[in-house]
Amino acid sequence: MASSQEDGKLERFLQWLQVNGVELRGCKIKYSDSDKGFGIFAANDVSDGVLLVVPLDLAITPMRVLQDPLFGPECRAMFEEGDVDDRFLMVLYLTVERLRKNSSWKPYLDMLPTTFGNPLWFTDDELLELKGTTLYRATELQKKSLRSLYDDKLKALVDKLLTLDGDSERDVCFEDFLWANSVFWARALNIPLPYSYVFPQVEEKKNCSASNDKSSDDSTNTVNGMDGKGCQVDGFDIQVNGVTSVSKQKDTVWVEGLVPGIDFCNHGLKPAATWEVDGTGSITRVPFTMYLLSAGQPLETDEEISISYGNKGNEELLHLYGFVLDGNPDDYLMVHYPVQALQSVSFSDSKAQLLEAQAEMRCLLPRSLLDHGFFPVGISTNEGSDKDQLNHVCSYSWSGQRKMPSYLNKLVFPESFLTTLRTVAMKEDELFQVSSLLEELVTSGGGRQPSDSEVRAAIWEACGDSGALQMLVDLLTMRMVDLHDGSGTEDSDTNLLKNARFTESPNLHTGNENDLSEEINGLQPPQSMSRNKWSSIVYRRGQKQLTRLFLNEAEHALQLALDEGN
């Protein structure tokens with residue numbers, strides 16, 4: 001239940017929204033709980049499904065910062081000199097506005113959480129719960145980087161801008177910067193702004209010229225080449241009356257920004273709504289707005305309206321938003337290639353040339369890959385994927401002499417990932433064979449450079465699978481050792497979660513988190529833990545589970561590859 005203080009904040013915020021043209025048509029904003037903070041809930045039925053309408057003029061974007069009457073000139077000078085980028089401008093602006101006594105954004109900023117659940121806000125003990133995970137090291141590096149950025153650059157800029165205002169509540173501190181950084185990463189949307197909104201003067205001139213040319217009347221029916229649902233237009237040229245209009249990239253300017261009201265939607269695996277941009281007013285009857293649109297299913301009164309933050313694993317959810325989903329179907333394991341393996345051989349430069357044309361030096365292995373493996377853990381929803389994979393490699397052997405692996409349709413690891421591992425693990429004689437095959441192809445093709453698929457085929461012809469799979473087994477084994485050394489086994493994490501009881505948690509604005517509902521098994525006393533610790537255990541247990549499952553797949557595939565001479 002919200003306190004009287006929270007109720008007062010909400011009342012001032014709702015008045016502020018109304019004054020600034022926001023329309024709550026089929027929803028209301030209210031306090032959810034101490035973990036999620038405020039959220040958006042269904043109120044009354046709306047026939048068109050439009051639940052909330054927010055003018056784009058209310059969004060906090062880099063353009064808004066540069067146009068600010070007080071800080072704009074100073075920020076523009078820094079921006080034009082290349083001293084700051086878009087994201088830094090946003091974080092700088094949020095930091096300054098938080099400290100201004102009379103900020104016009106105060107009713108909105110007061111509604112935002114004061115602390116967050118991402119690892120940057122963890123205590124030292126809570127951060128140790130992540131030891132052995134990718135996120136542990138990443139958080140240490142990020143903290144160091146942000147501290148340097150604050151000390152070397154941001155603090156002086158904030159002090160300078162606050163001097164222009166002359167009415168700050170207090171001096172800036174590192175936590176203000178940390179707060180602004182977390183607000184931006186947790187709440188900013190990638191907004192497809194209509195070109196005519198960003199550059200109205202240019203659009204007016206274009207429309208003026210078009211009005212003198214009657215042959216162009218038909219092509220201007222769809223403003224900016226958009227259909228009123230800006231964020232759903234595909235990234236291709238748009239056909240308008242049989243004529244290709246300007247491309248989406250020219251018609252739409254993608255800008256990261258905060259949209260007060262919309263950004264109170266929490267995350268759900270089954271979202272009840274989505275947000276869109278209406279550049280013409282054809283949907284909302286108000287041009288240049290962002291609106292919240294019901295996904296179609298009936299909404300019960302007071303039902304929370306969630307949106308999707310995207311198909312994100314717990315590593316990304318915890319890092320950016322400060323929450324995790326127990327049993328997250330979109331969870332993934334990140335595997336980094338052993339670049340150090342290249343530095344220990346005399347022919348590493350030749351390998352590096354092959355690797356340049358391949359993927360970045362890491363790979364995400366989503367949980368969904370396991371549905372098609374030797375030991376499936378779920379029900380596949382991607383019909384025909386096995387057939388697609390088979391067609392992709394049915395002409396794989398360069399000479400036709402290397403036999404097609406019997407395990408091909410059960411191999412869960414992406415082909416680009418395996419090709420890179422083959423390259424890293426490649427022996428000197430195999431590298432020579434690959435070079436010879438590709439030179440032969442270039443000569444016979446009149447100098448034509450080999451395609452990516454031909455390079456992959458040559459590498460597989462020379463190397464087979466066993467070297468790459470052995471390297472993968474070694475990588476996953478080392479990952480498992482690091483996880484166990486850092487925080488124990490998967491079973492120990494499961495027991496901790498079963499016996500967990502939360503202590504007082506800070507007021508977080510996160511997404512829809514699964515409540516801990518397992519019963520105590522009676523063998524161990526309940527263990528008090530913070531929400532941050534619980535999130536860390538859920539995340540690291542998922543990493544251990546995925547490492548174990550992918551390791552099983554890799555070991556089995558390796559044995560088959562060795563048996564078949566691949």
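The protein chain folds into 20 helices and 14 strands, where helices (H or I, at least four residues) and strands (E, at least two) are DSSP runs numbered from the N terminus. Keep in mind that this is a predicted model: local features need pLDDT of at least 70, side-chain atom pairs count only at pLDDT 80 or more, and totals for chains, interfaces and linings use all residues. Residues are numbered from 1 along each chain as its sequence is written, and side-chain values use heavy atoms, with hydrogens and water left out.

Let's start with the whole chain. Of its 566 residues, 49% count as buried; buried means under 20% relative accessible area, exposed over 50%, and partly exposed in between, using a 1.4 Å probe and protein chains only. Take the contacts (heavy atoms within 4.5 Å) with a separation of 6 or more: 76% of them come from residues 24 or more positions apart.

Now for the inside. In soluble globular proteins, nonpolar side chains tend to be buried together. A nonpolar core here is a set of buried Ala, Val, Leu, Ile, Met, Phe, Trp, Tyr and Cys residues joined through side-chain atoms within 4.5 Å. The largest one has 84 residues, and Y108, L292 and I305 have the most contacts inside it. Helix α4, residues 86-99, gives the most to this core, with nine residues. There is also a second, separate core of 31 residues, with F413, L418, L421 and M471 among them.

Leaving out residues up to four places away in sequence, I305 touches a set of residues including C27, I40, F41, L51, C265, N266, L292 and L299. N266 counts as buried because its relative accessibility is 0%. Its side chain makes a polar contact with the side chain of E304, at 2.7 Å. A polar contact is a pair of N or O atoms within 3.5 Å; within protein, one must be able to donate a hydrogen and the other to accept it, and residues adjacent in sequence count only if both atoms are side-chain atoms.

Next comes some backbone geometry. Most residues other than glycine have a negative phi. The loop between β9 and β10 (289-294) holds R285, whose phi is positive, near 70°. F288 is in the loop between β9 and β10 too, and has a positive phi near 55°. R285 is exposed because its relative accessible area is 63%, while F288, at 28%, is partly exposed.

Finally, look at a helix pair. The axes of α7 (residues 134-165) and α8 (residues 174-187) come within 10 Å and cross at roughly 115°. Those axes are lines fitted to C-alpha atoms, for helices over the stretch in contact, and angles run from 0 to 180 degrees between N-to-C directions. From α7, Q142, L146, R147, L149, Y150 and L154 meet F174, F177, L178 and N181 of α8. By class, this contact has seven nonpolar, two polar and one charged residues.

K143 also lies in α7. With a relative accessible area of 27%, K143 is partly exposed. Its contacts, not counting residues up to four places away in sequence, are with P119, L120, F122 and L127. K143 and L120 are 23 residues apart along the chain, with their C-alpha atoms separated by 6.6 Å.

Technical notes
Nonpolar A, V, L, I, M, F, W, Y, C, P; charged D, E, K, R; others polar.
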